[in-house]
Amino acid sequence: MNRIPVVTKNLLAINVVMFLAALVAAQKGFDLDNLLALHFFKSEEFHPYQLVTYMFMHGGFSHLFFNMFALFMFGRTLEYVWGPKRFLIFYVVAGVGAGLVQEAVGAMRYFSLVEGIDADMLALVFSEGAAALQEGKNFVLPQLAELNLVLNSQTVGASGAVYAILLGFGMLFPNERMFIFPLPFPIKAKFFVIGYALIELYLGTVGTPDGVAHFAHLGGMLFGLVLILLWRKKGEIGGPYV
């Protein structure tokens, strides 16, 4: 297992290339992130293809590094076990599923917010909200500010697919012991995955404005779980390797 399998290797390469392309494009005055990131479906910047392209864009080097590190560490194992075709399907479906969950959560927030906003203020958010965020500003009224973030924020990153990979590893090798910084002792993979899921659920529910799409992470895990259970029911993959 020293060699990186083909799908994992190509996913690593594509993510790095797209990160560098975005940096070069920015120097040329072109916002590639804005074109390929996932926008809220009621935004004028939304396009259906973004449900795929967003997972190859990242918000900074550390965002890219940790996602690619997890893909390298755990993705190659899943690809060796499942084969390249099944692993690629798993990765893409989980990533798209994460985006769909992010859109659904955004829709629930959007429709709950617009109920208390009159038509003129709503039109103002649509016409001036995106430009305000680009300048590092937002509306003073909390309800308008939150609505503006829902409408005009972008989602980028492979995290949804990566969280599905973590789930898959935990389900295939539940008793595999892992050393996770900063814990001074090893932890079984199944507890690692459960802990991560609970943390994401808590952070997403609390709604702390940390700029992280916690429900997208959970969405990736959910779609990954459905795929694994479906494949197991059909007898196409085996159970846990303990």
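## Buried spots, salt bridges and packed helices

G220 counts as buried, at 0% relative accessibility. Here buried means under 20% relative accessible area, exposed means over 50%, and partly exposed lies in between (1.4 Å probe, protein chains only). This is a predicted model, in which local features need pLDDT of at least 70, side-chain atom pairs count only at pLDDT 80 or more, and totals for chains, interfaces and linings use all residues. Residues are numbered from 1 along each chain as its sequence is written, and side-chain values use heavy atoms, with hydrogens and water left out.

**Helix 10**

G220 sits in helix 10. Helices (H or I, at least four residues) and strands (E, at least two) are DSSP runs, numbered from the N terminus. Which residues does G220 touch, leaving aside those up to four places away in sequence? They are A94, A98, G160 and A164. Contact means heavy atoms within 4.5 Å. G220 and L78 are 142 residues apart along the chain, and their C-alpha atoms are separated by 16 Å.

M221 also has its place in helix 10. M221 is buried, with 7% relative accessibility. Leaving out residues up to four places away in sequence, M221 touches G160, Y163, A164, L167, V193 and A197.

**Salt bridges**

Side chains of opposite charge can pair when their charged atoms come close. A salt bridge is a side-chain nitrogen of Lys or Arg within 4 Å of a carboxyl oxygen of Asp or Glu. How many salt bridges does a search of the whole structure find? The search finds three.

| Pair | N to O distance |
|---|---|
| R86 and E236 | 3.0 Å |
| R109 and E146 | 3.5 Å |
| E135 and K137 | 3.7 Å |

Take R86 and E236, which meet through their side chains in a salt bridge. R86 lies in helix 5 (residues 84–114) and E236 in the segment after helix 10 (214–233), so the pair ties together parts that are 150 residues apart in sequence. E236 is partly exposed, at 39% relative accessible area.

Next come R109 and E146, joined in a salt bridge. This pair links distant parts of the chain: R109 is in helix 5 and E146 in helix 7 (residues 142–152), 37 residues apart. R109 is partly exposed, with a relative accessible area of 37%. E146 is partly exposed as well, at 33%.

K137 counts as exposed at 53%.

**Helix 5 and its neighbours**

Two packed helices are described by the angle between their axes and the distance between the axes. Helix 1 (residues 6–27) packs with helix 5 at an angle of about 40°, and their axes are 9 Å apart. Axes are lines fitted to C-alpha atoms, for helices over the stretch in contact, and angles run from 0 to 180 degrees between N-to-C directions. Helix 1 and helix 5 are therefore oblique to each other. Angles under 35 degrees count as roughly parallel, over 145 as roughly antiparallel, 65 to 115 as roughly perpendicular and the rest as oblique. Helix 1 contributes V6, V7, T8, L11 and N15 to the contact, while helix 5 contributes P84, F87, L88 and Y91.

E103 lies in helix 5 too. Is E103 buried or exposed? E103 is buried, with a relative accessible area of 11%. Beyond residues up to four places away in sequence, E103 touches L38, H39, F40, F41 and F46. E103 and L38 are 65 residues apart in sequence and 8.9 Å apart in space, C-alpha to C-alpha.

Helix 7 has its own buried residues: L144, A145, L147, N148, V150, L151 and N152. Their cover includes helix 5, helix 6 (119–134) and strand 2 (154–155).

**Helix 2**

N34 is found in helix 2 (residues 32–36). N34 counts as buried, at 18% relative accessibility. Not counting residues up to four places away in sequence, N34 touches H39, E45, Q50 and Q154.

**A nonpolar patch**

F61, F65, F66, F69 and M73 form a nonpolar patch on the surface, with about 550 Å² of accessible area together. Patches are made of residues with over 30% relative accessible area and no salt bridge: like charges are joined within 9 Å, nonpolar side chains (Val, Leu, Ile, Met, Phe, Trp, Tyr) within 5 Å. Accessible areas come from the Shrake-Rupley method with a 1.4 Å probe, and for residues only the protein chains shown count as cover. F66 has its place in helix 4 (residues 61–82). F66 is exposed, at 56% relative accessible area.
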